[in-house]
Amino acid sequence: MALCLNGLPERVVEWKDSLEQQAYLWQQGEWIAGQLPEAAGRLVLLAEQLGKQALAHSLQVLDEAGVTTELSAVSTVAGRELASLRLSAWSPALKAALQQVATDWDLACVPALPEPGRPGLVLMDMDSTAIQIECIDEIAALAGVGEEVAAVTRAAMEGALPFSESLRRRVAALSGADAAIIEQVIGRMPLMPGLTELVAGLKAMGWKVAIASGGFVPFARHLQQQLGLDAVFANTLGIEDGKLTGEVLGAIVDADAKANILAELAHEHGIPLAQTVAIGDGANDLKMLARAGLGVALHAKPLVQEQAPVCLNRLSLEGVLGLLQAR
């Protein structure tokens, strides 16, 4: 049995009935019933509404690269549509070529994906990843030093400053500010879209969920209580007599610390690194993204876009859940 691409519905998710009992191989403009004996990579296309144009453009790239493609599933996860394909070959160049044609959809082209039916771990950054703000910028704005601190934050996230240096510089600018500002920021801290769906989906899968943040403990603990996270790691602000001292207490959660936290949590729970996912947006997340089985950059800075294994630019955190359920 063959399926002609031109004759299929415009929305890929409407192909579901055709794929219920059979996978299809792409061959000479048609889907031919069959499966790859082995796959060297996997491609997942995601969008709010995934049209067959996304698949057609991707197939053209795969054809030009001589890659045999199996369409194994289409589905809707957390209100987003996706198509999952197994590939006979994978390379960074293939991933880059697919990203060049992705106009209004997100994609992941990776050697492998974690298995949702096995125990796993998701470790995410907090500021601009789990939540929509940079907490230190919000504190600084209320303390009257907003522009000064925001400029240093941007430089740090873009990789222009070492993270630890930038954090100490920003925190020093807060010296003497009223510590009550922290609760003000917590009271209006907006969650990143898709966060609650992601955490609920991970818990339903039996996965562990944690935060490793270059931000601060009160905000991370608030999220832990709100969402039932398994662990949080963040920095401690010095406070004396109700005022911020301008110091960071203890070791700073920087890029190396985040990568180490990922490995340590995985070891603690008996989870192989192949079953881990890291999510972040800044330069200080890159080591964590590289160490995880699946590293996902969310609406990331340009440097991170260039280096991250997977970039989500159109969808939000619900897209991560789609990737994990694409198998």
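How many cavities of 30 Å³ or more does a search of the whole structure find? The search finds one. The model is predicted, so local features need pLDDT of at least 70 and side-chain atom pairs count only at pLDDT 80 or more, while totals for chains, interfaces and linings use all residues. Residues are numbered from 1 along each chain as its sequence is written, and side-chain values use heavy atoms, with hydrogens and water left out.

Rolling a probe the size of a water molecule over the atoms shows where empty space is left. On a 1 Å grid over the protein atoms alone, a cavity is a set of points where a 1.4 Å probe fits but cannot get out; a pocket is an open set with protein on both sides within 12 Å along at least five of seven lines; lining residues have an atom within 4 Å of a point. A volume is the space filled by probe spheres set on the points, which are joined across faces, edges and corners.

The largest cavity has a volume of about 130 Å³. It is lined by 15 residues, and Asp127, Glu134, Phe163, Gly214 and Gly215 are the closest to its centre. Helices (DSSP runs of H or I, at least four residues) and strands (runs of E, at least two) are numbered from the N terminus. Two or more lining residues come from each of α5, α6 and β9 (208-216), and β9 gives the largest share, four residues. The lining divides into five nonpolar, five polar and five charged residues. Here Ala, Val, Leu, Ile, Met, Phe, Trp, Tyr, Cys and Pro count as nonpolar, Asp, Glu, Lys and Arg as charged, and the others, Gly among them, as polar.

Two of these elements also pack against each other. Helix α5 (residues 146-157) and helix α6 (residues 163-172) meet at an angle of about 170 degrees, with their axes 9 Å apart. α5 is therefore roughly antiparallel to α6, a term for angles over 145 degrees. Axes are lines fitted to C-alpha atoms, for helices over the stretch in contact, and angles run from 0 to 180 degrees between N-to-C directions. The contact (heavy atoms within 4.5 Å) involves Val149, Val152, Thr153, Ala156 and Met157 of α5 and Phe163, Ser166, Arg169 and Arg170 of α6.

The largest pocket has a volume of about 200 Å³. Of its 17 lining residues, Trp90, Cys109, Val110, Pro111 and Pro309 lie nearest its centre. α3 gives the most to this lining, with four residues.

Notes. Parallel < 35°, antiparallel > 145°, perpendicular 65-115°, else oblique.
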